[in-house]
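Please look at the model below, beginning with the place where the two chains meet.

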Amino acid sequence: VTDPVVAHVLDCRGLLCPMPVVKLSKAIKGVDMDAVIEMLATDPGSVADLEAFERQTGHRIVGRSQADGVYRFLVRRAR
Amino acid sequence: MLGRVLREQYHLLFGRPWSIWGAALLLGALNVFLFAFDRPWTASDGARNWGDWLFQALGLIERVDLVPPWLYSGSVLNLGLLTGALASALLSREFAVRVAPSGELAKGAFGGFLMGAGAVLAFGCNIGGFFSATSALSLSGLAMMLGLALGAYAGIRYLLWEVEHWPVLSRGRSFSAGGARGEGPGAQPWLGGALLAVLVIALPWAYGRAGYVPQAGFLLFGVAFGVLFQRSRFCLVRAFREPFFTGEGDHARAGALALTLSMIGFTILKFTDLKDRGEWVFPGFWVGGLAGGILFGLGMTLAGGCGAGSIWRAGEGHVKLWCAVALFAVGASSVRLLLAETGLLRKLGAAVFLPSAIGWGGAVGLVVLAMAAWYLFAAWNERTRVFSAM
């Protein structure tokens, strides 16, 4: 499976809840419909934060991975 | 075979997050056990003890009755919370020293100071002044609850404004060190296991040998809180903030249920005269509770952790919360001194023990009603997103 084309990279490494989701909610308004944002975070809490964000906003997490303490999410704008 | 079973159980406990509902109910129950053992839980009096101790060491105050941090109940609870979360983060390979951009560190420190000041006005942090005080049927707890909601609302509106108009504050250099790397388990779980053994076996034994049996108990309670919070990430900041942000209501509903459970336990202990009825009933209705709640709610939203949340996340390695905890201690100690000097500490409101005003049934009913309202508000708002910012 190949990754979708990333329209914007949002670096939230070092940031703590709720800043990654605050930034993501702003960034997602700045990309086209169906475009994908790649978000990087280091807070272990960001996993649950992103899942809540997906549930509440409808934007989709289309990919996620974790390596060496960095959480990587691909979020597709859905509305 | 045994090795496989152990690996499975390790993965169950430290390979995936715990249910926030289970954790919230356990926290409510543990708070009752702690009250039965000695005193309810709060993070702020331990933090104030650290601040007092710092000021004494710097020669700014002179107090002969100051109990050292390794013996003071609230401080030992906090130290257990911090080190328990550290052990838990290591066991889960989630520990790393994470340095946020400098603007974030400043926000952590400022939020921490607001939390310290708010905790003085409300006679406790969100745990002691709200969760435990409401459990103890003190009306000041409900005043603080209202303040916390207002403060969290103001805080999240500010953060949303900040990323639009002052984005540089949360940008900049950040780095982390000491985190787990690669695919294998690495050294962290072994270090965490060793630390946990020291915390729950060696140190309680040493306290007991030295004649400090209660302190051994406080340490164990603190460690249990730390592990529970780190594994579940149950968070009272989220409970107050998220309805005004994403609209997510899980933590608010779990918090309402935990407080109801804790309140029932406290009520039994007081009703049966096993504990003094005036305990944890604070003269903070309504000015102190409300004003303290607003300051505290704003501070915890800026810092990204409440009284307990800042301490356990500091144990997980977030430097922003090291700043928050340090200024929480300084704020709690200095503002308390200021209010005591000026006599304002006695002008923060009335001490209202609800059963004295409206009877035991009325008191329990009122707290249940307030919690049900919080629960339903969170559930309704999660669906309708009327108050959410999304």
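This is a predicted model: local features need pLDDT of at least 70, side-chain atom pairs count only at pLDDT 80 or more; totals for chains, interfaces and linings use all residues.

Three salt bridges link chain B and chain A, a salt bridge being a side-chain nitrogen of Lys or Arg within 4 Å of a carboxyl oxygen of Asp or Glu. In one of them, the side chain of Asp68(A) meets that of Arg181(B) at 3.5 Å, N to O.

Residues are numbered from 1 along each chain as written, chains are lettered from A and ligands numbered from 1 in the order written, and side-chain values use heavy atoms, without hydrogens and water.

Chain B contributes 38 residues to the contact and chain A 27, contact meaning heavy atoms within 4.5 Å. Between them the chains bury about 2,500 Å², 58% of it on carbon and sulfur atoms; this is the accessible area (1.4 Å probe) lost on being put together, summed over both. On the chain B side, Val163(B), Arg238(B) and Met390(B) lose the most area, together 19% of what that side buries.

Strands E3 (60–67) and E4 (70–76) of chain A pair in the antiparallel sense over seven bridges; strands are DSSP runs of at least two residues (E), helices of at least four (H or I), numbered from the N terminus, and pairing requires at least two DSSP bridges. Ser65(A) has Arg72(A) as its bridge partner in E4(A). Two residues separate E3(A) and E4(A), and Asp68(A) in the turn has a positive phi of about 50°.

Thr42(A) lies in the loop between strand E2 (36–41) and helix H2 (46–57) of chain A. Is this residue buried or exposed? Thr42(A) is buried, because its relative accessible area is 4%, and buried means under 20%, exposed over 50% and partly exposed in between (1.4 Å probe, protein chains only). Residues up to four places away in sequence aside, Thr42(A) touches residues including Gly69(A), Val70(A), Arg98(B) and Ser176(B). A polar atom of the Thr42(A) side chain lies 2.8 Å from the backbone nitrogen of Gly14(A).

Note on methods. A polar contact is a pair of N or O atoms within 3.5 Å; within protein, one must be able to donate a hydrogen and the other to accept it, and residues adjacent in sequence count only if both atoms are side-chain atoms. Buried area is the accessible area (1.4 Å probe) that two parts lose on being put together, summed over both.
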